[in-house]
Structure formats: structure tokens, C-alpha cells
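Reader: I am new to this structure. Can we walk through how to read it?
Author: Gladly. Have a look at it first.

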Amino acid sequence: SMTTAEMEERVREIKQLMGSRLFIPGHHYQKDEVIQFADAVGDSLQLAQVSAENKEAEYIVFCGVHFMAETADMLTSPEQTVILPDMRAGCSMADMADIFQTEKAWRKLTETFGDRILPLTYVNSTAAIKSFVGKYGGATVTSSNAHKMVEWALGEKERILFLPDQHLGRNTAADLGISLDDMAVFDPATNDLVYDGDSENIKVILWKGHCSVHENFTVKNIESVRKNHPDMQVIVHPECRRDVVEQSDYNGSTKYIIDMIERAPSGTSWAIGTEMNLVKRLIANHPDKHIISLNPYMCPCLTMNRIDLPHLLWALEHVMADDPVNVIRVEPSVTTEAVRALERMLIRA
Ligand code: 13P
Ligand code: SF4
């Protein structure tokens, strides 16, 4: 078996030999051992955009999770091959909105609300969910354009169904001034709305899904930072629960968090509520600032972490041999409507 140094050397060699025939996008939550070889590092919106713009790479070896690779496949041409170095790199949040449950929910919701409802989905969802949303005139959103997209959607229809992350949906709608009383949760387990009042008042219906990484940041964590580091500022991702976002000093997408830390003056202190690999990288890149994870145990996204150096090298060896493995191909029937949903976002992002 190869040493780490040998594997790194071979990845470098393959990248050199393949040149612009190969493109490696890497999400900010990926491990350093992978990120060091990324041709573009970004959040989910940026990676969707760079994939859409890349017309020359034959092989796109996507270092992220399954839904991101599906999006890259849908936004690139049929001649381009998208590869996910480990097929087990999924997203538990995306898996919380199953297309059959969603279609069933939609039948129920349209019985209640007629056509006065528009579906939106966080890009952290399967291609099938994006296609469902596209079919009914809705759009995708990411954490960096959610405000703009929810505002747009509520200008189109009286109410929205927001899939699959209840927290991003709730935090975004609350920021836009929508009362928590005008939001309901849709529970796919019971195929029903969780709501006390008159359903006619509901503006935002939140699918009952969440990110198991960002749900690990708690109000208790914030209280302990306030007590132990009174001068520390708390910044969290909007996939965190509402109470955590409310009690933080700042909240925003992955890119927003990175920009804030980069712009922060030397000597400032930060507790960050997002994925571990990114927090570790921010700590390493900013020795002049005091940075900790908001949850002292750190919160890795285990599925993101399945992409490692051995898997990357394995995928690249197959690309070199023009015998790709782990190819992500979304069916054309799904792609058509899903791309509509993505484009309704990309033209506004
Ligand atoms: P962003 O990259 O849009 O911030 O999303 C965070 C995330 O959880 C990606 O899976
Ligand atoms: Fe999914 Fe959360 Fe991991 Fe992002 S961090 S891939 S939303 S489980």
C-alpha cells in the first residue's frame, strides 16, 4: 500500500497529465487532504456556478456530497462526466425529503390551499425533489440566497412549502419579518401539518428535516461561551435551530462566515457554529484571531468526510484510464424540470 506522500505525489502527477480535461471542485467542509487538490473551493452555490461555467473539463471529480454532484451533472453538458469519489458521501438532510412522501404531501397541501402555494427547495435535496419543485413553478435556494428567493416566492404565491430544512426555512422567513405564528411544520411521518391556528393564515410551510451536523450547536453552547469568553462573538450557519440563531451575534452561509472571519480585525475572538473541517481551517489560517468551535466537541459532517485521499486517488486513477467509476448521471426526465428550478435561482443569485 502507498504512503500518504506517495498518494499525494500520484494525485499531483495525474492532475498534471490530465490538465484542463480534469476539474476538481471541493466544498469548504471537505478534509484538508482533499481540499489541497481542489481546482475550485466554495460553498454549494459557488460550486454549482463554477460547474455550470466549466465547458472544457471532460471529467469533474466532485469532492462534496451526492446532491452536489447531481447538480453538477445537471448543469454540465452530456459529454462531461461527473464522478463522486465515494458513493456513500450522501447528506442525511437531503434524504429526509423522499420524493414519494413529497408528492403525497403536495396532494394534501393542494387539497387545502388549491394553487396558492409554491414549493422551494434548499439545494441540499435530491435531483428528484428539485424536479418536483421545478414542475410546480418553484425554485432551489442556497443558504446564501435564501432571503432573496423566499421573498421572490412570496411575491408569486400567498404561501410556500420549504424543503427539506425546517431551520433554514424558519430562520430565513423570520428574518424577512414573517411571524413564527404564520409558519407551520409539515411532518412526512404523519403526512400532516403541525399547526394550531386557522390554516388560511399560514404563509410558510416548513418540511420537517434538519442537518444533523448543525443541530449539534445549542443554546447551552452559547451560554457557556458568553460566560467563559465574554468578549467572544458567536457566528453560526442558518441550518442551526432558531433559538441558536437568535442568540448568536451573526448568522449566514458558509461563504458569509468565511468572509466575516477574513475581514475581522486581528485580536478578535470568535465561536463558530458550523462544520468541523471549515472551523479547523479558519483556525489554522487566522493565527492572529482567537477562534473556537461553538460546540467544543467539534462537529464533523461524517458523510462529507467519506471523501478522503485514497478515494480521490482511486477515482483519479480510473479517470486516467478513461474507465470512470462512481459516475453520477441524473435521468434526463428528472434533469429537465430540476434545471428549471436551478435556473430560477441562478438568474437571481
Ligand atoms: P452552504 O455550502 O450553502 O453554506 O451549505 C452548507 C452545507 O451544509 C452544505 O452541505
Ligand atoms: Fe448534509 Fe449537513 Fe452534511 Fe451539509 S453538513 S452535507 S446539510 S448533513
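Reader: In which sense do strand 12 and strand 13 pair, and over how many bridges?
Author: Keep in mind that this is a predicted model. Strand 12, residues 233-236, pairs with strand 13 in the parallel sense, over two bridges. Across that pairing, Ile 235 stands opposite Tyr 250 of strand 13.

Reader: In what order do the four strands of the open sheet come?
Author: Read the order 13-12-14-15, with parallel pairing. Strand 13 (250-251) and strand 15 (290-293) are at the edges; each has a single partner strand, so one side of each has no neighbour in the sheet.

Reader: Which strands does helix 12 lie across?
Author: Helix 12, residues 276-285, lies across strand 14 (269-273) and strand 15. Its direction is at about 165° to strand 15.

Reader: How do I read the sides of a helix? Which residues of helix 9 are buried?
Author: Sort the residues by burial, then see where they point. In helix 9 (residues 219-228), the buried ones are Asn 221, Ile 222 and Val 225. They cover an arc of only 100° around the axis, which puts them on the same side of helix 9. Lys 220, Glu 223 and Lys 227 are exposed on the other side.

Reader: What do the buried residues of helix 9 pack against?
Author: Their partners are strand 12, helix 10 (242-247) and strand 14.

Reader: Now the domains. How many residues of domain 2 are in contact with domain 3?
Author: Twelve residues of domain 2 touch 14 residues of domain 3. On the domain 2 side, three are nonpolar, seven polar and two charged. The centres of domain 2 and domain 3 are 28 Å apart, taken over C-alpha atoms.

Terms used: Residues numbered from 1 in each chain as written. Chains lettered and ligands numbered in written order. Predicted model: local features only at pLDDT ≥ 70, side-chain atom pairs only at ≥ 80, totals over all residues. Domains from an automatic or database assignment. Contact = placed C-beta atoms within 7 Å. Nonpolar A, V, L, I, M, F, W, Y, C, P; charged D, E, K, R; others polar. Pairing = 2+ DSSP bridges. Axes fitted to C-alpha atoms, helices over the stretch in contact; angles between N-to-C directions. Buried ≥ 20, exposed ≤ 12 C-beta atoms within 10 Å, placed from the backbone. Arc of directions from axis to C-beta.
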